[in-house]
Structures are given as structure tokens and as C-alpha cells.
Amino acid sequence: MIVGIIDLGSNSVRMTIADVESGKNLYNGKKTIKLSQGMNEDMMLKPDAVKRCVMTFFELKLIMEKYGVEKVCAVATAAVRKAKNREEFLSLIKRETDIEIRVLSGEEEAQLDFLGVLGATKINDAVILDTGGGSTEFIGVKDGKVIGAESVQLGSRSIKELFFKDGETESGIEKAKEEVKRFTDNIKWLEDIKGVPVIGIGGSNRTVARISMGAEGADMPIDEYKMTADKVFEIIEKIRITEPEKRNEIKGITPDRTDIIYGGVLPLEYLLKKLGSEKFVVTDAGLRDGILKQIKEENF
């Protein structure tokens with residue numbers, strides 16, 4: 001069976017087309033649509049963002065038809081999850097494109113992240129950090145099992161819109177860091193898993209890895225890329241001191257992330273320091289891989 005798995009996030013929409021029986025990925029694609037742009041004040045998805053989403057879903061339909069997709073599994077995360085007009089949005093997508101979207105809870109998203117990462121790495125003790133545009137998921141893993149999972153409504157784009165409206169000022173950065181600290185410190189089980197590696201997924205964390213890979217002349221998919229915490233802090237500082245309009249000159253930062261990447265790395269910076277972690281591991285695996293695993297087991 002050929003399946004199309006669509007992950008509608010706050011900043012980007014990603015799609016994987018896979019052969020369930022062989023496990024082979026036939027297509028992987030991403031498009032930036034900035035679905036959550038402008039929604040943080042009233043929690044309403046804005047017309048322009050909705051229009052971009054509808055047009056992108058039409059494009060995805062054409063790609064799926066080309067590959068002979070037999071089953072479509074479309075999911076949405078933080079932006080749609082917290083939108084006050086989400087039912088109208090979901091109905092519009094269904095009516096216009098005939099694609100039905102399932103809205104994942106934060107806990108479901110975290111569990112699927114875990115399943116996807118577990119199949120891609122050999123690390124049994126870690127904290128998985130999925131930093132998206134509108135939320136961040138923390139998943140504690142010990143002896144290969146989840147010991148805690150938490151989703152907080154703070155991500156790269158929401159941090160930018162909440163705290164950097166007037167640019168990345170010192171006061172804005174300080175307030176953003178305080179909010180990241182507040183959310184993270186409320187996750188009590190983190191106290192029981194100090195010193196373990198952090199496994200990063202999501203656009204912001206992968207960007208950190210790609211910056212490091214760019215410095216080494218690498219330009220390839222991320223399998224299980226390892227970095228020291230000191231290297232991560234060095235890259236975060238480089239991002240901080242570079243003006244947003246010049247960040248596209250840093251190899252590894254795509255144009256759609258220049259304005260949101262600094263907010264997106266703040267959860268990673270604080271988590272590494274809080275845990276006393278010395279290792280950061282990044283993988284392309286994640287939510288869609290977890291869904292594919294569930295489909296194989298007929299649980300999705």
C-alpha cells in the first residue's frame with residue numbers, strides 16, 4: 001500500500017509518500033506556508049495563511065496522484081490545535097481538497113515523535129526535543145521507554161511574534177528566555193533524567209545541525225548527527241549576534257527561518273544547560289516516521 005503522510009505544522013507543511021510493505025520512502029517534500037503567522041494575539045488563523053495552505057494542499061494532491069497514493073494520513077499540530085477557528089479551517093480544507101485532517105493533541109504528537117526517533121537512533125536514555133513553530137514537545141526516554149511527555153505552547157514563530165515584535169531587543173530576549181525557563185522548569189520529570197543526551201527534531205534543531213554541517217562542507221540529509229553542547233552554544237551565539245536580515249549568509253539557515261531561528265533555539269539552549277547535557281544528536285526522523293510505524297501496525 002502506498003500512503004501519503006502530511007504533517008501540517010505552524011511554519012511548514014511536510015509530506016512523505018511511502019510504500020508500507022517495503023518501508024521505502026518514495027517522496028519527501030516540504031513547503032513553508034507560515035500558517036501561524038499573525039495568530040498569536042487572537043488565536044485565529046488568518047485568511048492569507050489559510051489561502052496558502054489550501055493552495056499547498058492542492059499541490060500535494062497532484063503529487064500524491066502521480067505516485068498512486070492509496071491512503072492519505074494528514075495531521076495538524078500546534079497552529080491548528082490552538083486556533084479558535086480550527087473547525088472552519090478543517091471544513092474548508094475538506095471541502096476544497098477532499099483531504100481530512102486529524103488534529104493531534106500535544107501528547108499524541110510527543111508519542112509519535114518518540115516512535116519515529118526510536119526507530120532511527122540507538123540511544124535508550126535521552127530527552128527528545130521537538131521545537132516547532134507554535135509548540136515545543138519534551139519527551140523523556142529511559143531504558144528505551146517514555147517516562148514523561150510534555151507539550152508547551154511556545155515555538156519559534158510564537159516566540160518571535162510574542163517577544164520580538166520590535167526586533168530582537170535585549171528586553172525582548174530576556175523576556176523570551178524567562179518564558180522558556182518558566183515552561184521548562186514546570187516539567188518536573190526533567191529533574192530525574194539529568195546528564196542524558198538531547199535528541200533534536202523539528203526545523204529549529206535541524207537548522208543548528210545544518211549550520212554545523214555547513215561549516216564542515218556537508219550538505220546532506222541528517223541521519224544521526226552528533227554535536228557537543230559547546231558547539232551548539234557557539235552556533236546559537238553566532239545566530240544571536242547576526243542581524244536577522246543577514247542570517248541567510250550563514251550556511252544552513254534557509255530564508256524562511258532568518259526571522260524565527262533565534263527564538264527557535266532558545267528551548268534547546270536552556271534544556272542543555274538545565275540537564276547538564278554534553279551531547280546533542282539530530283535526526284530527520286520524527287512525527288511522520290512515527291505515523292508510518294503506526295500504519296504498519298494498523299494502529300493509525
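Author: Happy to! Helices here are DSSP runs of H or I with at least four residues, and strands are runs of E with at least two. Please keep in mind that this is a predicted model.

Reader: How many helices and strands are there in the protein?

Author: Counting runs by that rule covers both kinds of element. The protein has 10 helices and 11 strands.

Reader: What percentage of the residues count as buried?

Author: Buried means under 20% relative accessible area. The protein exposes about 13500 Å², with carbon and sulfur atoms supplying 48% of it. Of its 300 residues, the share that counts as buried is 55%.

Reader: How is α4 oriented relative to α10: roughly parallel or roughly perpendicular?

Author: Helix α4 (residues 106-118) packs on helix α10 (residues 287-296) with the axes 7 Å apart and at an angle of about 85 degrees. Angles of 65 to 115 degrees fall in one class, so α4 is, relative to α10, roughly perpendicular.

Reader: How do the residues of that contact divide into nonpolar, polar and charged?

Author: Helix α4 contributes residues including Leu112, Asp113 and Leu115, while those from α10 include Ile291, Lys293 and Gln294. The contact of α4 with α10 divides into 5 nonpolar, 3 polar and 4 charged.

Terms used. Residues are numbered from 1 along each chain as its sequence is written. This is a predicted model: local features need pLDDT of at least 70, side-chain atom pairs count only at pLDDT 80 or more; totals for chains, interfaces and linings use all residues. Side-chain values use heavy atoms; hydrogens and water are left out. Axes are lines fitted to C-alpha atoms, for helices over the stretch in contact, and angles run from 0 to 180 degrees between N-to-C directions. Angles under 35 degrees count as roughly parallel, over 145 as roughly antiparallel, 65 to 115 as roughly perpendicular and the rest as oblique. Contact means heavy atoms within 4.5 Å. Ala, Val, Leu, Ile, Met, Phe, Trp, Tyr, Cys and Pro count as nonpolar, Asp, Glu, Lys and Arg as charged, and the others, Gly among them, as polar. Buried means under 20% relative accessible area, exposed over 50%, partly exposed in between (1.4 Å probe, protein chains only). Accessible areas come from the Shrake-Rupley method with a 1.4 Å probe; for residues, only the protein chains shown count as cover.
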